[in-house]
There are 2 protein chains.
Amino acid sequence: MVTKLYKGHRVIIGSLNLIFLRPVIVSISHMNKIISFDKVSGILVCEAGCILENLIAFLDNQGFVMPLDLGAKGSCQIGGNVSTNAGGLRLLRYGSLHGSVLGLEVVLANGTVLDMLGTLRKDNTGYDLKHLFIGSEGSLGIVTKVSILTPPKLSSVNVCFLACKDYTSCLNLLSEAKRKLGEILSAFEFLDHDAMDLVLKHLEGVRNPFPSSMHDFYVLIETTGSNESYDREKLDAFLLHSMENGLISDGVVAQDITQASSCWHIREGIPEALMKAGGVYKYDLSIPVEKMYDLVKEMRIRLDASAKVVAYGHLGDGNLHLNISTPQYDDNILSQIEPFVYEWTSKNKGSISAEHGLGLMKANKIHYTKSPEAVQLMVTIKKLLDPNGILNPYKVLPPSLFT
Amino acid sequence: MVTKLYKGHRVIIGSLNLIFLRPVIVSISHMNKIISFDKVSGILVCEAGCILENLIAFLDNQGFVMPLDLGAKGSCQIGGNVSTNAGGLRLLRYGSLHGSVLGLEVVLANGTVLDMLGTLRKDNTGYDLKHLFIGSEGSLGIVTKVSILTPPKLSSVNVCFLACKDYTSCLNLLSEAKRKLGEILSAFEFLDHDAMDLVLKHLEGVRNPFPSSMHDFYVLIETTGSNESYDREKLDAFLLHSMENGLISDGVVAQDITQASSCWHIREGIPEALMKAGGVYKYDLSIPVEKMYDLVKEMRIRLDASAKVVAYGHLGDGNLHLNISTPQYDDNILSQIEPFVYEWTSKNKGSISAEHGLGLMKANKIHYTKSPEAVQLMVTIKKLLDPNGILNPYKVLPPSLFT
């Protein structure tokens with residue numbers, strides 16, 4: 001996590017007493033020590049500059065897993081993950097960081113070190129202040145240490161890649177998977193025809209799991225459990241039942257790690273394929289699942305042949321990654337997309353930023369998701385904790401509310 | 001949840017302009033409607049006065065479960081559960097309310113209705129304010145509506161009651177259970193010899209599962225999964241392995257719901273047995289598990305024969321319910337217990353209130369668990385949100401900090 005601080009630099013020119021602000025970049029990459037790990041409780045305490053992938057590797061050796069995983073794991077730091085409330089691929093199974101982070105140490109704008117570094121699953125003494133710093137993008141304080149609950153590593157992982165004839169089948173399949181796979185379900189991802197088409201065209205070494213035909217929708221399901229044969233039997237029974245019910249049109253089950261990686265590569269390769277295809281307008285939305293795909297269809301009608309609308313995401317979490325792919329960036333196309341996409345999401349009680357945060361670009365768009373009263377309280381809290389606005393200014397909240 | 005508001009009542013007597021404060025009790029028991037339930041996502045939205053047991057029954061009909069369950073479910077309301085961050089019997093499996101509550105509507109002290117009633121699993125737009133109201137015991141606002149993620153009901157439940165020769169065996173058994181039972185583990189409770197002795201003496205209709213001998217420690221394990229035969233085989237293999245390893249000395253597996261209820265009755269009957277035995281000093285502590293039972297042993301040495309020290313709790317969550325049972329209340333005994341129990345817990349980085357909250361009785365004891373800087377920030381936030389101190393005054397935070 002990089003936090004920008006603004007420090008005053010006073011210059012007197014004639015009668016003018018000017019303060020020039022110059023940004024200071026704070027890096028915590030040298031704060032990268034693991035402080036403690038308790039093998040009974042699974043509680044890890046570490047400094048905030050630890051790289052996520054290093055923590056994953058450390059825990060793997062101990063027989064545990066991090067409750068979050070994401071594409072950027074090789075470079076992102078746990079302090080940044082916490083500050084941005086990172087979602088990622090394991091949220092469906094292990095929930096959000098508000099559930100798994102047990103404690104934080106945070107440095108406030110006035111230099112106070114706020115020690116909330118508890119290592120307890122249960123602690124009802126006073127207000128649980130750490131949540132203010134989870135997801136506030138470094139704008140209320142700088143996270144310096146993290147205590148997090150990690151689940152034990154389970155040995156059996158299965159991956160299957162399925163084709164569905166329509167979006168309703170994907171939804172019904174999700175309901176069935178929650179019930180039939182129950183406690184072993186660990187991922188439920190979806191992509192549409194246009195996403196698959198893009199991956200097959202632009203990514204090298206990707207093979208269509210169903211070479212004889214293209215389908216309108218694809219679902220990737222992963223299970224993680226403690227018993228290989230039980231888990232596989234459970235998955236096979238679920239797939240047979242779903243085939244018979246017509247929820248899936250075709251499907252493959254990965255027989256080894258290489259095949260499982262190939263399935264994941266299709267899903268995880270979409271952002272790279274989009275970049276290779278030309279310009280791309282990216283939206284990270286949460287929308288109640290039953291309405292989610294309506295937005296994609298409406299967007300296709302609006303844009304007609306001028307752009308390709310590509311949809312994929314974490315269906316199990318209600319998180320749509322909507323991408324508009326064009327040969328090059330074009331203001332006319334942008335004006336067709338925005339503010340329509342935000343207004344539509346707001347009208348349907350969605351979030352205009354599911355897991356990526358608001359940052360600089362969307363700070364002014366917070367009102368599409370949050371009520372005026374809630375935004376006003378956020379502004380009041382920001383002024384309370386950072387009265388001089390030195391922590392990541394202009395981010396998260398509309399700068400106009402601070403004048 | 002009952003919140004006390006203090007309203008000014010102005011009286012002018014001669015030159016004196018006096019304001020008498022009179023308490024107003026706010027009850028939300030008539031706000032008891034279920035607003036919506038989404039069967040695909042499992043998201044329930046309801047008014048805060050809904051009785052927990054009614055929500056459990058409603059969800060049961062839909063094939064889902066509440067992520068929390070507790071002894072008081074027949075009378076407690078979901079708004080109170082959220083305001084006190086209730087823990088209970090399902091925390092080990094489904095985590096805390098900070099993870100499962102997706103949205104809240106809260107009325108602030110100035111009458112503002114704060115709409116944060118989102119129904120999304122992922123929403124990274126601005127600060128996640130709802131967490132301020134989860135566990136703040138009604139002192140920052142009154143929760144009026146709740147949106148909560150509910151997991152699907154799983155059909156297979158197994159319960160076993162085991163005997164262990166020492167506390168270390170209980171801990172090793174917990175590690176083994178997390179690994180071998182993995183995703184189906186749903187409760188890991190423990191009680192000691194004195195707790196079992198009390199239950200057998202004072203509760204009618206309770207039978208010792210191991211009539212031929214008493215043991216020093218007992219563990220209740222519950223599994224919840226989606227496949228009856230797989231789960232039972234998994235449990236049996238785990239028990240056989242634990243017997244062979246010497247982690248358990250004896251054990252019974254419930255063969256039907258009646259036997260499962262009998263096992264739970266022993267564990268859940270301890271508070272009632274304590275009440276029948278005479279006076280009782282109760283402590284609800286979180287302590288890192290490896291040190292937890294040291295406190296019980298030290299307390300027995302301090303109190304000698306003057307009182308019976310009874311220990312039980314949610315071992316899987318690191319939550320000890322420590323009870324000192326005496327024929328009658330006695331200030332000499334109390335002075336032997338306090339402040340020792342708080343100082344010991346503080347020294348060992350525990351929490352003096354794991355799940356019950358601070359309320360009136362322990363508001364002045366917050367410093368045993370929280371740092372001065374954290375308490376100061378809590379006071380600042382309380383003054384910001386409730387400048388006149390009308391919401392549950394004297395609770396949660398030390399009143400002396402408001403003068």
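Author: The model is predicted. With that numbering, A:Met361 is placed in the loop of chain A between helix H13 (340–347) and helix H14 (372–385). Its relative accessible area is 74%, so A:Met361 counts as exposed, the cut-off for that term being over 50%. Together with A:Leu360 and A:Tyr394, A:Met361 makes up a nonpolar surface patch, and the accessible area of the three is about 400 Å².

The contact itself comes next. Chain A contributes 91 residues to it, and chain B contributes 91 residues. About 7000 Å² is buried between the two chains, with carbon and sulfur atoms giving 58% of that area. On the side of chain B, the residues that lose the most area to chain A are B:Lys122, B:Asn124 and B:Tyr127, which together account for 15% of what that side buries.

Polar interactions also cross this interface. Between chain B and chain A, 44 residue pairs are in polar contact, both residues being at pLDDT 80 or more. Eight salt bridges are found across the interface. One of these pairs A:Asp123 with B:Lys370, whose closest N and O atoms lie 3.4 Å apart. Several elements of chain B each supply at least two residues of the side that touches chain A, including strand S6 (113–116), helix H6 (167–180), helix H8 (228–244), helix H11 (289–303) and helix H14 (372–385). Of the side of chain B that touches chain A, H14(B) gives the largest share, with nine residues.

A second bridge between the chains deserves attention. A:Lys122 forms a salt bridge with B:Glu355, and their closest N and O atoms are 2.8 Å apart. A:Lys122 sits in the loop of chain A between strand S6 (113–116) and helix H5 (130–133), while B:Glu355 sits in the loop of chain B between helix H13 (340–347) and H14, so the pair joins two chains. Both A:Lys122 and B:Glu355 are buried.

For comparison, consider a bridge within chain B. B:Lys180 and B:Glu176 form a salt bridge, with the closest N and O atoms 2.9 Å apart. The two residues are separated by about one helical turn, because they are four residues apart in helix H6 of chain B. B:Lys180 is partly exposed, with a relative accessible area of 34%, and B:Glu176 is partly exposed too, at 21%.

Over all chains, the structure holds 38 salt bridges. One within chain A links A:Asp69 to A:Arg90, with the closest N and O atoms 3.5 Å apart. A:Asp69 lies in the loop between helix H1 (52–62) and helix H2 (78–83), and A:Arg90 in the loop between H2 and helix H3 (91–94), so the pair ties together parts of chain A that are 21 residues apart in sequence. A:Asp69 has a relative accessible area of 9% and is therefore buried, the limit for that term being under 20%.

Methods: Residues are numbered from 1 along each chain as its sequence is written. Chains are lettered from A and ligands numbered from 1 in the order in which they are written. This is a predicted model: local features need pLDDT of at least 70, side-chain atom pairs count only at pLDDT 80 or more; totals for chains, interfaces and linings use all residues. Side-chain values use heavy atoms; hydrogens and water are left out. Patches are made of residues with over 30% relative accessible area and no salt bridge: like charges are joined within 9 Å, nonpolar side chains (Val, Leu, Ile, Met, Phe, Trp, Tyr) within 5 Å. Accessible areas come from the Shrake-Rupley method with a 1.4 Å probe; for residues, only the protein chains shown count as cover. A salt bridge is a side-chain nitrogen of Lys or Arg within 4 Å of a carboxyl oxygen of Asp or Glu. Buried means under 20% relative accessible area, exposed over 50%, partly exposed in between (1.4 Å probe, protein chains only). Contact means heavy atoms within 4.5 Å. Buried area is the accessible area (1.4 Å probe) that two parts lose on being put together, summed over both. A polar contact is a pair of N or O atoms within 3.5 Å; within protein, one must be able to donate a hydrogen and the other to accept it, and residues adjacent in sequence count only if both atoms are side-chain atoms.
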